[in-house]
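Work through the exercises below with the sequence and the model in view. Try each task before reading its solution.

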Amino acid sequence: MHGDPAITRALDLAVAASWEVKGTTSPNPPVGAVILSPHGEVAGVGATQPPGGPHAEVMALAQGGSAAHGGTAVVTLEPCNHTGRTGPCSHALLAAGVSRVIYAHPDPGKKEGGGAAYLRQHGVEVGCLDTAVAPLRPWLRAVAKGRPHVTLKFAQTLDGFTAALDGSSQWITGDQARAWVHRDRSQRDAILIGTGTAWADRPALTARHATGLYPHQPRRVVIGRRELPDYMYEQGFEQYPGIEQALAALWEKGDRDVLIEGGAGLARSVLAADEVDAIHAYLAPVLLGGGLGVVDKPLVDTLSAARRWHTRAVRRLGPDTLIEMERGS
């Protein structure tokens, strides 16, 4: 399977389709699916729709039509075998006459899983690539942890400062990096800041592009007990006293992937609580020699006690660099 060019291309298309819907599907995962005809041609591409809408396989089957009969379905997650707001995707694939199903990662859900076994029992060839594609990783970790996946994002200078001694921080990074941040926001369920940032920056926390707002806007959340600026109450910002209460409430609301944007107090508290799953560090080619750090207090007393993060990707964004890191188990 890994060496089949048609399967590789189909998986790439499925992953691209899942990126397009990331941020709009929670509490469901952002899944992508491709239907290949019996001759290996791409007949349909689909991705999970917002809650209550069709899943990726059903969208791809609708586009593929009769070409699905005797063909192959390539899916980023094991087809579900559960009837909820929609029917089981495993049954839809069988009804369409698909002869082979290849999926990237098993479904961890106790109720939703079992699609592969169902398909095998009904004569469909099934294969698992056993790899977690990037758009699914936050959802998979959230399900494993029972709380939203948390990414801590910050922009810093080469020498590790997020603001100068006078507090100025706009803008450490350039236009391309800021554009990437807004694109990233549009793929998250919620953005979290602390009350200090709420008062110091009075941010909108919207996801914007050059000509307006992205179609999907994340939930806007402030952590802390301090009263908020009036506009935040008027615009529907949510407030929770601490990070644990916020994550529990957001999980119940269906959020699975959240972004923490600051400031230093919130960053320190969420790191100290061991609730950070990934870090997005935007590094600007600037030296200050002094200023405000990413966190406002030490996390450990000695280097040997510090957590070391695994680099997932490094991106050049104009003059700046984004380092994407994640924790281990």
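Predicted model: local features only at pLDDT ≥ 70, side-chain atom pairs only at ≥ 80, totals over all residues.

Residues are numbered from 1 along each chain as its sequence is written, and side-chain values use heavy atoms, with hydrogens and water left out.

**Exercise 1.** Find the strands that pair with S11, and state why S11 is largely enclosed.

Solution. Helices (H or I, at least four residues) and strands (E, at least two) are DSSP runs, numbered from the N terminus. Two strands pair if DSSP finds at least two bridges between them.
- Step 1: S8 (residues 190-194) pairs with S11 in the parallel sense, over five bridges; Leu-192 faces Val-221 of S11.
- Step 2: S12 (residues 238-240) also runs parallel to S11, joined by three bridges, and its Gln-239 stands opposite Val-222.
- Step 3: Buried means under 20% relative accessible area (1.4 Å probe, protein chains only). S11 (residues 219-223) is largely enclosed by the rest of the structure because four of its five residues are buried.

**Exercise 2.** List the buried residues of H5 and what they pack against.

Solution. 
- Step 1: In H5 (residues 137-145), Pro-138, Trp-139, Leu-140 and Ala-142 are buried.
- Step 2: These buried residues pack against strands S6 (149-157) and S13 (257-262) and helix H9 (243-252).
- Step 3: After H5 comes Gly-146, with a positive phi near 75°.

**Exercise 3.** Describe the hairpin of S16 and S17.

Solution. 
- Step 1: S16 (residues 310-317) and S17 (residues 320-326) run antiparallel, with seven bridges.
- Step 2: Val-314 has Ile-323 in S17 as its bridge partner.
- Step 3: Two residues lie between the strands, and Gly-318 has a positive phi near 65°.

Conventions:
Buried < 20%, exposed > 50% of the residue type's maximum accessible area, 1.4 Å probe, protein only. Contact = heavy atoms within 4.5 Å.
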